[in-house]
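Visitor: I'm new to this one. Could you take me in for a close look at a single part, the place where two neighbouring pieces meet?

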Amino acid sequence: MTTSTRGAVKTPAVLVLEDGRIFRGRAYGAVGETFGEAVFSTGMTGYQETLTDPSYHRQVVVMTAPHVGNTGVNDEDPESRRIWVSGYVVRDPARVPSNWRSRRSLDEELERQGVVGISGIDTRALTRHLRERGAMRVGIFSGDAVSGDAELLAKVQDAPQMKGANLSAEVATKETYVVPALGPDGETLPIGTAKLTVAAVDLGIKGMTPQRMAERGIEVHVLPATATADDVYAVNPDGVFFSNGPGDPATADGPVALMRAVLERGTPLFGICFGNQILGRALGFGTYKLKYGHRGINQPVQDRTTGKVEVTAHNHGFAVDAPLDRVSDTPYGRAEVSHVCLNDQVVEGLQLLDRPAFSVQYHPEAAAGPHDAAYLFDRFTSLMNTVPMEGQRA
Amino acid sequence: MPKRTDIQSVLVIGSGPIVIGQAAEFDYSGTQACRVLKAEGLRVILVNSNPATIMTDPEIADATYVEPITPEFVEKIIAKERPDALLPTLGGQTALNTAISLHGNGVLEKYGVELIGANVEAINKGEDRDLFKEVVEAVNAKIGHGESARSVICHSMDDVLKGVDELGGYPVVVRPSFTMGGAGSGFAHNEDELRRIAGQGLTLSPTTEVLLEESILGWKEYELELMRDKNDNVVVVCSIENFDPMGVHTGDSITVAPAMTLTDREYQTLRDVGIAIIREVGVDTGGCNIQFAVDPADGRVIVIEMNPRVSRSSALASKATGFPIAKIAAKLAVGYTLDEIPNDITEKTPASFEPTLDYVVVKAPRFAFEKFPQADSTLTTTMKSVGEAMAIGRNFTEALQKALRSLEKKGSQFTFTGRPGDKYTLLRAAVRPTDGRINTVMQAIRAGATPQEVFDATKIDPWFVDQLFLIKEIADELTAAEKLDPELLAEAKRHGFSDAQIAEIRGLREDVVREVRHALGVRPVYKTVDTCAAEFAAKTPYFYSSYDEETEVAPREKPAVIILGSGPNRIGQGIEFDYSCVHASFALSDAGYETVMVNCNPETVSTDYDTSDRLYFEPLTLEDVLEIVHAESLAGPIAGVVVQLGGQTPLGLSQALKDNGVPVVGTSPEAIHAAEDRGAFGRVLAEAGLPAPKHGTATTFAEAKAIADEIGYPVLVRPSYVLGGRGMEIVYDETRLSAYIEESTEISPSRPVLVDRFLDDAIEIDVDALYDGHELYLGGVMEHIEEAGIHSGDSACALPPITLGGHDIKRLRASTEAIAKGVGVRGLINIQFAMAGDILYVLEANPRASRTVPFTSKATAVPLAKAAARISLGATVAELRAEGLLPATGDGGELPLDAPISVKEAVMPWSRFRDIQGRGVDTVLGPEMRSTGEVMGIDTVFGTAYAKSQAGAYGPLPTKGRAFISVANRDKRSMIFPARELVAHGFELLATSGTAEVLKRNGINATVVRKQSEGEGPNGEKTIVQLIHDGQVDLIVNTPYGTGGRLDGYDIRTAAVARSVPCLTTVQGLAAAVQGIDALHHGGVGVRSLQEHAERLTAARD
């Protein structure tokens, strides 16, 4: 149902928010209609990583950076096999990409993947609106999809909500695959020869995450979101990893049950983003939806054990509700909030004090974003090295 | 871990006079730092020789020393004040070098002063090329990224010549170590160029060291601004991308923030390298900037250099992001960590984050090549620009076009009418980077150049090139459109087109376009610079305009005063005007107004979002100002717009603003006209019975000749309505007069040329005064050291006047009052007089804040600009006296006898410029202003004050050694006594034969030396120029002869500049220098803070 915008740059497009606010601009990428949750991302670089991050599934992403597409699209930077955002909002799309790695332009790519977007609107006004009123449903309409405002608004209000959405299975791999470990000189090691093996539960995993583990000599078995404890332990893991992913953590009963099974066995465990929320739930904490979430690559997070501040990549609309001021007792021993966002004191990390398990709400794998938190992969690695669990390896 | 408790007092070193490469940005950063430290309860001791700074205002520090920034003087201050710590990273290279000297010579250790904000090891690692290369290698070993350009360190010309072979041939880059603003660096394409540039570089480098490097010309250039705290938290405040690729100094490039053409992976690599470098170098707390070159073909990253201190770029980054680097650096230096410091703008989030921008910032450099016609205008790795403008837009095109019109220079905006010229000629011209190359590129595009052709010629990134094509395509649409419909107009405005540009394209008047635009409802909105792309609410109203949907200007209750700033620094209109604007803002805020600042100069204190209640970072054109006035009038009541403090820029808008119904306060536009228009001003003088030199106005050579014939040569000729003596010249004969009229492009019936009798041998006097309509307050009377004919901005002067008596002051006061009244001044007026014979001539009057206001204010301890702002809004001198803003009795004309003597000396940028043969430019002073900055020397007697001014401006006067004297015939009489004094002080005199003969006849022995034109003697006797180059001359006196003869001393004067030997080009300067040398010989030159001076002055007044 989509057609090209190229060659007809001035195709009008309309963005309609569920509270009735309307922005008029021009079609960008594919022409047609799309719906999702309107969220804004404040990163100034890394649009290609953002677009292909499965956590953005069913979200319409508003870029606060005005110029998008300047470096085109290359074959190395995608974080997954496709673009996941359901719609894309930019102010000034590039007409000509410029980068030595660029293979094609971003609007070609959006169009090729059928992603409906809008350009030329006051993205700052939209961002301020979302900041004040909170993330909400939105529709983008262009070409033949444009009709009367009231009709468009009704369509937006009919679209599904993000709260209560269970989306991991929609974005995760259907089949298990293996990301081989890398040797000291970056060479790929034969499968089965790595010192450490991790079972990574794909709830919407980004490509950089297994990559960061592989760089540390870890062989990563990426399992579908529906994996069971048997599936996980079938790969003889030294550690289990729970990935990022889209949707409401309150719906993720399957992964929570799996996480509890891993905690029971005391296998070293690491979670990122959705994985952090799953750990929160597994420990008995609640999760809640943030007003407008954290999406960007400049967020200050403090590691409460060292006091040091990391500048980190975020993409989360939900957060864990855990006490900051004390150690909590959980079915798996004592737990504490290990990391906190200094902007708003949101929980950004959890760790168990009696078992080898920790997680962070943000993205140490970065992509896009700063590499300040890459040490967490080292922490996971040393956890696996120092806590050899009985019966884990033959 | 908050503030350290073991530090109670801190010495802050400023950056001294404004020079190319070290300008107002250090006043901005230093002022921020002093305020922060003071607010932390520390005793702040400041040294800065530059009176035109806000930081040297007595209320900014606890003890303010306007003394030379030399190790000797700073030691005296340390000995007197005994500070616990020294913060050296906020005063540019000057402060850093001084601190390193004080460390090296043991002074810091002797007095127990701790260096904070930087340690010597880190400074050396950052600044020393060789050590820095090791740093980069260590970083590469750790993280696998970043490398240095291949290079060799050289300490002699032999090393240099060998080095080229090692690097594989030309071209190579030459970079001298430890110089500021890249002074002395450049590209050498062959041995001749290499010998010249490297020879110069070896001389300029305090360690006689230059680095030769492989050429990375044409690569993409980036800069990161980083900050680190004592807990090793590091943030990247801003990324900056240069529009002009490698080969042009960053200060001379058009630059863009944030970086526009990097993928996240590439950006993160730069970030990783940057963070690893700041750690490896060991900058414990504070900021630094790191420059990178990226190969556009494969992304190879080369680390060019780092500055382990606050820099020009950090000022730009602070303004571009809203993250106040200097302020935070000062807090980090006294022990805070980034997460303990709140972000000023959101108030709720901490400073330990990285600003994200939802707009684009473009900085464009402002050059002054027209002042140095001999100078080679090719842009190189040596910075040559004298100022810059910054603009903010929601996209690159908008920001770029705003920046170009902010430059406020004829031809700086893109033009789309007329024939562009030949494509190939234009493309060839675009290969050479120059001021305005971007306009050449635009013309090439108009002439049909393809993106590839533009890239091949300039190596400007294809994305930027496409943006230029986008602008051109919109211009084409504007040209082709049947009528200006709202969509097209809005589109053009969204890409930064000014009403004037649209008018030019459509063949309409600018005001007509504006009316149409307003009628169609196409108006800008104002967005906030908030550090966080709207993620959090901003508390600080720091605005920029954009043609977008939603405005963020909040309503207000209090009446607002809009203060128009002075735009980019240029020669003739610099930091002095910003000083007055900032003072107005402070004074009017105290008086209960809401202050609104408009300016586009990122270097200044006025564009600190803390200075005024609201800041509009906008171009100072009629269109932009009218839109701001409109936006503010919707927000609340407007008490008025102040135009007389920002120099000629706002003054020039005065009438048009009034015509558009804007309430201009202070001196009316009509009164401004009365002072600027020759005829009108002549009538004012005639009515007051005041003499002016005979004069006339002409629009043709015939008219000019008739006037000159009548009043007699020499005549002073100049265009009307200019600042800084632009185009002003002393003409000695008819031939030159004819050529002058021929060459002047700006002469038209509405802009005639002024022809004045030139008063030879006159004493020139500057007066700054306040007038409220009834009462005059004489701010100060300055007597120039150099005679009339040298631009007042380039002349040294003394306050109080050193040779004028009470009777003269009385006459000056009466004349000043008559003119102020006749013109209709409400606020400040500056008048230049010339005393010739016993007649007091009026040269000109400027009904606005002058360049000397800060100097006068500091010398007399009275805030004239503050008083002027208040008078503009209706206060009277009497009221201000009662309030205490002005002294209760007396004024600057009647200073007590034991008042300190202040000397202002101008600082010239000679060493920055070379002609195309690579020779220095001549250093002779003239009626056209060419100084970039000034220093002040203050002491109890003239000689000491003058000696201090010289030490502050050029380095200490010599107290012994060899003095070379060569003067024009007319100066030979006046030379005798000072020459005798030099001998009495133990100097050996050298002179050329003619001068030596005169000296001999007067009983003064001088060794005859060979002129340059005579060449080396038969027995290898060296010429004077050779002697200077060999470092065998300590003082040079060389006055130029008449017109043609002016060139005779050229080689001597340029050699003096190259070797930094004090060179006096007037006999008056010699006489003053002799008094200074005398004072130094008597020893005991002390230091005294402005606060102490003021205390004594106030006591003496009572």
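Guide: Let's start with a word we'll need: a residue counts as buried if 20 or more other C-beta atoms lie within 10 Å of its own. By that count, buried residues make up 62% of the 1102 residues in chain B. Keep in mind that this is a predicted model.

Before zooming in, a quick look at the whole chain. Chain B holds 38 helices and 39 strands. Its radius of gyration is 28 Å, close to the 32 Å that the globule rule gives for 1102 residues, so chain B is as compact as a globular protein of that length. Along its principal axes, the C-alpha trace spans about 80 × 70 × 65 Å. And if you take the contacts in chain B between residues at least 6 apart in sequence, 71% of them join residues at least 24 apart.

Now for the part you asked about. Chain B is divided into domains, among them domain 2 (127-361) and domain 3 (362-519). The centres of these two, domain 2 and domain 3 of chain B, are separated by 28 Å. Where they meet, 28 residues of domain 2 are in contact with 25 residues of domain 3.

Note on methods:
Residues are numbered from 1 along each chain as its sequence is written. Chains are lettered from A and ligands numbered from 1 in the order in which they are written. This is a predicted model: local features need pLDDT of at least 70, side-chain atom pairs count only at pLDDT 80 or more; totals for chains, interfaces and linings use all residues. Helices (H or I, at least four residues) and strands (E, at least two) are DSSP runs, numbered from the N terminus. The radius of gyration is taken over C-alpha atoms; the globule rule is 2.2 Å times the number of residues to the power 0.38. A residue is buried if 20 or more other C-beta atoms lie within 10 Å of its own, exposed if 12 or fewer, and partly exposed in between; C-beta atoms are placed from the backbone. Two residues are in contact if their C-beta atoms, placed from the backbone, lie within 7 Å. Domain bounds come from an automatic or database domain assignment.
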